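Colleague: I have the sequence and the coordinates open. I would like to go through the labels one at a time and hear what each rests on.

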Amino acid sequence: VLGSEVLTLWREIIDKRLEQLLPKEDGGMPQLKSLYQAMRYACLNPGKRLRPTLCLLCAEAVGGEALAAIEVACAVEMIHCFSLIHDDLPALDNDDLRRGLPSVHKKFGEAVAVLSGDALIGLAFEVLSRAKGKPERVLECLRRLTEAIGVDGLVGGETLDILSEGEVPNREVVQFIHSRKTGALFAASCAAGAAIGGGSAGDVQSLHQYGDELGLAFQITDDLLNQSSSENQLGKSAGSDLAREKMTYPAAFGEDVARDMAMEAVQRAQQYALHVPKMQSELASLALFAVERLS
Ligand code: IPE
Ligand code: IPE
Ligand code: MG
Ligand code: MG
């Protein structure tokens, strides 16, 4: 089974639940309509839904029911979408296009963009706190996802990404950036799915490592696509990493070595997938998808 087919299989279910969990456009205060709209726009526009799919699959991979992880998966996608809104802001990457559409600040203005991102983090943890499952499992998901966002995760990685613009590429720094800004949320998505699915500590750890390696492969590929693909194909800006002198894998290692490193990370991810009881081939396919994707 192809990675893209696994994604197709789950996308409708994820989108339907996300849609239910997000504020309705007309459901609350009329004055806050643009906030609700921005949250829905950011989350429901056509993304790949790779992180929530991995979360569901990892619940199944440890012998649980995939749908037992649906709330956790939706929380993961909300966190991802908050990170995209803020990543595109003028103060960060200043990108006008996301998922083939105007980025949230272009459509709703900067203030509502910043605040809709904030609101999505809050909503993600509210949804997570209501997830079905044993309280200690829910708590583990909560801890893993908060860690993945914080200074040793996404926000720390994004900060270093911005502060490293224009600096001479340094291999250790770029590894740090990628494992934090992207690897951490992938790892936590997988580990949280495994945790809520009732996995053993060993299985949860294996899937954390799997997600970490997949995330590295995914972000190296993002760097390569930014260099070599087009805005049309990506649905977001191309060539912007060079223009902003970003510290990327191709900048630090060269394009060919970066490509090899991405493939090696996929292979390590696939090795970790062999440690869990089920869904090994689906997990292997999604790891390969991280590098073979065109957008
Ligand atoms: C984009 O992630 C941000 C990166 C970590 C490179 P995705 O490529 O998963 O974004 P969507 O959700 O499909 O738009
Ligand atoms: C994305 O990094 C990482 C996060 C959003 C946390 P990039 O800035 O490289 O991703 P794109 O290319 O804008 O999607
Ligand atoms: Mg960025
Ligand atoms: Mg960006």
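Modeller: Bear in mind that this is a predicted model. N94 is a reasonable place to start: N94 is partly exposed, with a relative accessible area of 40%.

Colleague: Why is N94 called partly exposed?

Modeller: Buried means under 20% and exposed means over 50%. The value for N94 is 40%, so N94 falls in between and is called partly exposed.

Colleague: Where is N94 found?

Modeller: N94 is in the loop between α4 (70-88) and β1 (97-98). Its phi is near 55 degrees, a positive value in a residue other than glycine.

Colleague: Which residues coordinate the magnesium ion (ligand 4)?

Modeller: D87 (OD) and D93 (OD), at 2.0 to 2.1 Å. Water is not among the atoms, so the sites may look incomplete.

Colleague: Are D87 and D93 buried or exposed?

Modeller: D87 has a relative accessible area of 13% and D93 has 11%. The cut-off for buried is under 20%, so D87 is buried and so is D93.

Colleague: How do you know that the protein agrees with a compact globule?

Modeller: With 295 residues, the globule rule gives a radius of gyration near 19 Å, and the protein has 18 Å, so the value agrees. The C-alpha trace spans about 50 × 50 × 35 Å along its principal axes.

Colleague: How many helices and strands are there?

Modeller: The protein has 15 helices and two strands. Among contacts with a separation of 6 or more, 74% join residues 24 or more positions apart.

Colleague: What share of the residues is buried?

Modeller: Buried residues make up 53% of the 295. The accessible surface comes to about 12,700 Å², and 53% of that area belongs to carbon and sulfur atoms.

Notes:
Residues numbered from 1 in each chain as written. Chains lettered and ligands numbered in written order. Predicted model: local features only at pLDDT ≥ 70, side-chain atom pairs only at ≥ 80, totals over all residues. Heavy atoms only, no water. Buried < 20%, exposed > 50% of the residue type's maximum accessible area, 1.4 Å probe, protein only. Donors = N, O, S within 2.8 Å, 3.2 Å for Na, K, Ca; no water. Helix = DSSP H or I, 4+ residues; strand = E, 2+ residues; numbered from the N terminus. Rg over C-alpha atoms; globule rule 2.2 N^0.38 Å. Contact = heavy atoms within 4.5 Å. Areas by Shrake-Rupley, 256 points an atom, 1.4 Å probe, with all protein chains shown as cover.
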